[in-house]
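Look at the sequence and the structure first, then read on.

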Amino acid sequence: DRERLEAIAQVVPGLYRAIREKIGFKLIGNIERLLREAETEFPGGSRKSKQVFKSNKEHFLLSQIASLIGAAFDCVETSIFLKTAGSEPNTQFPCLATTHAKSVGRDMYDSKLDSGRLTGWALGNQAPIVVTDLARLDRYANLLKSRYKGIDLNKGHANTGAARKLLKLKKSEDLPPLSFMAVPIFGGLDWFGETDLRGVVRCYMAKSGPYYFSEREVNLLTVVAAQIGQWWARWQTHFELQQENETWIAVVKKLGELNAFARRELSKAPPNESAILSEALNLTSSIFADDTATLIRLHSPSQRDLYLAAASREAQAEFYSGIINESEFAHLTVEPESRKASVRAFLRSRTLEVSVKEFAGQGQPHFSRARRLLIVPIGVGDECSGVIEIHWTKSRIPAYLEQAAALLGRQLGIYHQLAILIRDQQATFRNTEALKREEASAYENFAHQIMSPIVHAVISTTQALSTAGSNERRPLFVVRGLIRRAERVGRNIEV
């Protein structure tokens, strides 16, 4: 019997390894099947993609994955923290799925502010972390601090009372090790070739022996994290592409409406350019975020400055509330050595994007919630007649929104040049009409000056004929004939 036991003992490690590998392969396969079905059911290019992200369907899928992970590792809690599309700030990772909500503790981690915590350390350092026993951290605190630089073990102690309830232990029973592991989730590489951190997945409190997570479990969870990260990156990319497509459709539609509106306003005498600018700001409000303040500045050649020509509803709300002083935005002096972003964009006829710290340091006025400033020149070709200032409230401005703003800047440049040309034409027409009236008045005066002595001469000759003798009448008739000819010439001139 002893020999048989020794033989079995030699087989047990290999058997255990084989079982764990089988469980691992099954876990990877099941997750792959779930993710493939999800992408088939909710393609990112469909019209429903926006509604899908607003619903709980992706949360339900992540909850299924968390349950599979928890079952594979036989742990009490498995939680998945992921960065959502457009989340602000982009260092925050909310909990989108968990197998045990009561033990989660925090529903969001910040990779910068929480880097001292266990889960936050995995996010901040973008590396796995494994702790054998959270209930007895003091025993190997120095080892953990040397392995995980910057970790704050005071924030990692487990609630032993709650752990006993979860494991259903009696007071007389010893508390097993409360194991913990967390692995960062990556979505591949970003545009700069750096790892694209998407979130973290963690497991806490193994329910059965050996009550700790070995390197094998960490490697398996790393593979699962890679599956989640690649799927989440594709999912969000599809959603962002859908957002971009919808934005461009809205831009084309709104520009068509703006062109029709501009045609009506430019046909007025004089052209109502301020109404066109206000309508253009309505377009920006419908395309950009609701809390984005937008200003339009035009160049005043006589004063050498960029004056405030129009402000969006969001900007006017801050003006009226007294949060900021409107007079600070009224004028920007155009100087070649100016450090202000709007002036530099105007002088160079080039789009500029700067952070709130940069343009605040340049003395550039900005709105209270702004985080980025996008300045787009207004003009056609190299001729710049002003700028559009977009005070963005988020940390990143998508490239397609920059392109849409640049397109609007060119349209406003066309409208501005047309307004100048039409005003000049209307002024020329008014001057021509005034010249015609002066010319007609001059002809009338000239005809009057000619006809007045002729009429008097006709009257005098007629009176002389009535009293003249027979010898005097003949020369008078000759004179009257000449006067009649002069009268006909004067009448023609009058006509």
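## Inside the model

Leaving aside residues up to four places away in sequence, I65 touches I31, L34, L35, I80 and I228. The model is a predicted one.

I65 belongs to the largest nonpolar core, which has 63 residues. Together with L62, I69, F73, I80 and I129, I65 touches the most other members of that core. Helix α7, residues 215-266, supplies the largest share of this core, nine residues. Another core lies apart from this one and has 32 residues, including L255, L258, L283 and L298.

| Core | Residues in the core | Some members |
|---|---|---|
| Largest nonpolar core | 63 residues | L62, I65, I69, F73, I80 and I129 among them |
| Another core, apart from it | 32 residues | L255, L258, L283 and L298 among them |

Next come the cysteines. How many disulfides does a search of the whole structure find? The search finds zero. C75, for example, is in no disulfide: the nearest cysteine sulfur belongs to C203 and is 4.1 Å away, whereas a disulfide needs two cysteine sulfur atoms within 2.5 Å. C75 has a relative accessible area of 5%, so C75 is buried.

Three cavities of 30 Å³ or more are present in the structure. The second largest cavity holds about 40 Å³ of space. Its lining consists of D291, A293, E318, F367, R369, A370, H391 and T393. Sorted by class, this lining has three charged, three nonpolar and two polar residues.

Notes: Residues numbered from 1 in each chain as written. Predicted model: local features only at pLDDT ≥ 70, side-chain atom pairs only at ≥ 80, totals over all residues. Heavy atoms only, no water. 1 Å grid on protein atoms, 1.4 Å probe; cavity = no way out; pocket = protein on both sides within 12 Å on 5 of 7 lines; lining within 4 Å. Points joined across faces, edges and corners; volume = space filled by probe spheres on them. Nonpolar A, V, L, I, M, F, W, Y, C, P; charged D, E, K, R; others polar. Buried < 20%, exposed > 50% of the residue type's maximum accessible area, 1.4 Å probe, protein only. Core = buried A, V, L, I, M, F, W, Y, C linked by side-chain atoms within 4.5 Å. Helix = DSSP H or I, 4+ residues; strand = E, 2+ residues; numbered from the N terminus. Contact = heavy atoms within 4.5 Å.
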